[in-house]
Amino acid sequence: VCLGIFYAIVIGIVIAVVNGLLITKVQVNALITTLGTLAIFRGLSYIIGGGQTVMVPELSYLGLARPFLNLPLAVIVFVVVCIAGVLVMKYTTFGRSLYVIGANPAAARLVGIRTPRVILICFIISGVSTAIAGLILTSQLTAASPMAANGLELSVITAIVLGGASLNGGRGTISGTILGLLIIGVLNNGLVLLNVDTFWQQVARGTLLIIAVSFDQLRERWGIKHG
């Protein structure tokens, strides 16, 4: 089990490095790169698993463990990651460099920020975080399914934009993203409790994404500052 967890994290890092190098060295658009590798590795997961769900009951303790104050391990990991993210973005040179790179990559290079290295480190952090999230999801389901997180990428983008981050870069906070996640969670739970058809739930999530992105673009055009 420990070896499986190790391999999952290593694979997350490898994928992140591939994405980071494609973006920083080959200059491929970040969105296209990540969507392309998403399709590639999702396809590979279907091939490796033969299109079937693979039971992994050995990982169930990750989803069931309550190691501190009877809190689920997933909640503890989420809180720790959020606190670490807030501290890094607010009080470190690395965090401030991210805002500068997002707002103006050319200016970041001129002031001496090693843009490619910072971007690569960001992708590695993202890869490790994604691997841990995948492990927790797998443990909660006690099964590995290539369809388990289908469409989750859209929810992630929606939450980030709802939280005040700009698709053009240079703006956004961890606390805002958490608020966006809460909005998405309330919407999803509300639709389920109201017994809304699954297909209409997809329509609602897609509509929310378009509204969030539209508001972000209008805010950029009108020069409205956020938090």
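This is a predicted model: local features need pLDDT of at least 70, side-chain atom pairs count only at pLDDT 80 or more; totals for chains, interfaces and linings use all residues.
## A walk through a helical chain

Along the principal axes, the C-alpha atoms occupy a box of roughly 50 × 40 × 40 Å.

The protein chain holds 10 helices and two strands. How do the contacts run along the sequence? Of those between residues at least 6 apart, 66% link residues at least 24 apart.

Spanning residues 115-141, helix 7 has 27 residues, and the distance from its first C-alpha to its last is 39 Å, close to the 39 Å expected at 1.5 Å a residue. Its buried residues begin with Thr-115, Val-118 and Phe-123, continue through Gly-127 and Ala-131, and go on to Leu-135, Ile-136, Thr-138 and Ser-139. Just past the end of helix 7, look for Thr-142, which adopts a positive phi of about 50°.

Now step back to the whole chain and its surface. Buried residues account for 22% of the 227 residues. The protein chain exposes about 14,400 Å², and carbon and sulfur atoms contribute 72% of that area. As for charge, there are 13 positive and 5 negative side chains, with the centres of the two sets 16 Å apart.

Technical notes: Residues are numbered from 1 along each chain as its sequence is written. Side-chain values use heavy atoms; hydrogens and water are left out. Helices (H or I, at least four residues) and strands (E, at least two) are DSSP runs, numbered from the N terminus. Buried means under 20% relative accessible area, exposed over 50%, partly exposed in between (1.4 Å probe, protein chains only). Contact means heavy atoms within 4.5 Å. Accessible areas come from the Shrake-Rupley method with a 1.4 Å probe; for residues, only the protein chains shown count as cover. Lys and Arg count as positive and Asp and Glu as negative; His and the chain ends are not counted. The place of a charge is taken as NZ of Lys, CZ of Arg, CG of Asp or CD of Glu. The expected span of a helix is 1.5 Å times one less than its number of residues.
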